[in-house]
Amino acid sequence: MVEHEKAWPQELRVSTDRKTLTVRFTDGRAYGLEAELLRVRSPSAEVQGHSPEQRVTVGGKAEVTITKVQPVGNYAVRLTFDDGHDTGIFTWKFLSETGAEKDVRWAEYIAELAEKGLSRTA
């Protein structure tokens, strides 16, 4: 079991097309996290709400890119996306868990879009 609480990034790199954030951790794990997944699962209140029932399914973000990465203390980064979203604080734990569970989280997102009649592109 990965100890996400102790996850510490060694490197964060945005791809040249701005669509992927690569996170390398000091324990050797590395994940390529799509901007779309990070945007639609942003830990912001705007997306997550204040309870699980309030979480918003965000569609139409297939082409979203990361425009800015700002450190927040020594525990997180704030990502800014080209659609203007910039309120999510992405902790090292969040990035570690998202990387480790990326396939599951992606499948859940695709299923939610279908259930709500939304699309990745519209």
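**Overall fold**

The model is predicted, and its local features are reported only where pLDDT is at least 70. Its secondary structure comes to four helices and six strands, and from the N terminus on these elements follow the order β-β-β-α-α-β-β-β-α-α. The chain has 122 residues and a radius of gyration of 14 Å, which agrees with the value near 14 Å that a compact globule of this length would have. Taken along the principal axes, the C-alpha atoms fill a box of roughly 40 × 30 × 25 Å. Buried residues account for 39% of the chain, and of the contacts between residues at least 6 apart in sequence, 48% join residues at least 24 apart.

**The sheet of E1, E2 and E3**

Three strands in the order E1-E2-E3 form an open sheet with antiparallel pairing. Strand E1 (9-14) and strand E3 (30-34) are its edge strands, each pairing on one side only, and neighbouring strands are turned against each other by 15° on average, direction ignored. Strand E2, which covers residues 20-25, is joined to E3 by five bridges, and within this pairing Arg24 has Ala30 of E3 as its bridge partner.

**The sheet of E4, E5 and E6**

A further open sheet of three strands has the order E4-E5-E6, again with antiparallel pairing. Here E4 and E6 stand at the edges with a single partner strand each, so one side of each is left without a neighbour in the sheet. The twist from one strand to the next averages 30°. Strand E4 (residues 66-72) and strand E5 (residues 76-81) are paired over six bridges, while three bridges join E5 to strand E6 (residues 89-91). Between E4 and E5 the hairpin has three residues, and in this hairpin Gly73 takes a positive phi near 55°. Strand E5 is mostly covered, with five of its six residues buried.

| Residue | Partner |
|---|---|
| Lys68 | Thr80 in E5 |
| Gln70 | Arg78 in E5 |
| Pro71 | Val77 in E5 |

**Helix H3 across the strands**

Helix H3 (residues 92-100) lies across E1, E2 and E3, and runs at about 90° to E3. The helix also lies across E5 and E6, where it runs at about 70° to E6. H3 is mostly covered, since seven of its nine residues are buried under the cut-off of 20% relative accessible area. The buried residues of H3 are Trp92, Phe94, Leu95, Ser96, Glu97, Thr98 and Gly99.

**The nonpolar cores**

Which residues touch the most other members of the largest nonpolar core? In this core of 17 residues, they are Leu21, Leu38, Ile66, Leu79, Phe81, Phe90 and Leu95. The elements E2, E3, H1, E5 and H3 give two or more residues each to this core. Leu38 illustrates the packing: leaving aside its neighbours within four places in sequence, Leu38 is in contact with Leu21, Leu33, Ile66, Leu79, Phe81, Phe90, Phe94 and Leu95. Another core, of five residues, lies apart from the largest one, and Val40, Val58, Tyr109 and Leu113 are among its members.

**Arg41, a charged residue in the interior**

Arg41 is found in the loop between helix H1 (35-40) and helix H2 (45-48). Is Arg41 buried or exposed? Arg41 counts as buried because its relative accessibility is 9%, which is under the cut-off of 20%. The side chain of Arg41 makes a polar contact of 3.2 Å with the side chain of Glu112. Not counting residues up to four places away in sequence, Arg41 touches Gln48, Arg55, Phe94, Arg105, Glu108, Tyr109 and Glu112. Two of these residues belong to features described above: Phe94 is among the buried residues of H3, and Tyr109 is a member of the core of five residues.

Conventions: Residues numbered from 1 in each chain as written. Predicted model: local features only at pLDDT ≥ 70, side-chain atom pairs only at ≥ 80, totals over all residues. Heavy atoms only, no water. Pairing = 2+ DSSP bridges. Axes fitted to C-alpha atoms, helices over the stretch in contact; angles between N-to-C directions. Contact = heavy atoms within 4.5 Å. Buried < 20%, exposed > 50% of the residue type's maximum accessible area, 1.4 Å probe, protein only. Polar contact = N/O pair within 3.5 Å; in protein donor to acceptor, adjacent residues only side chain to side chain. Core = buried A, V, L, I, M, F, W, Y, C linked by side-chain atoms within 4.5 Å. Rg over C-alpha atoms; globule rule 2.2 N^0.38 Å.
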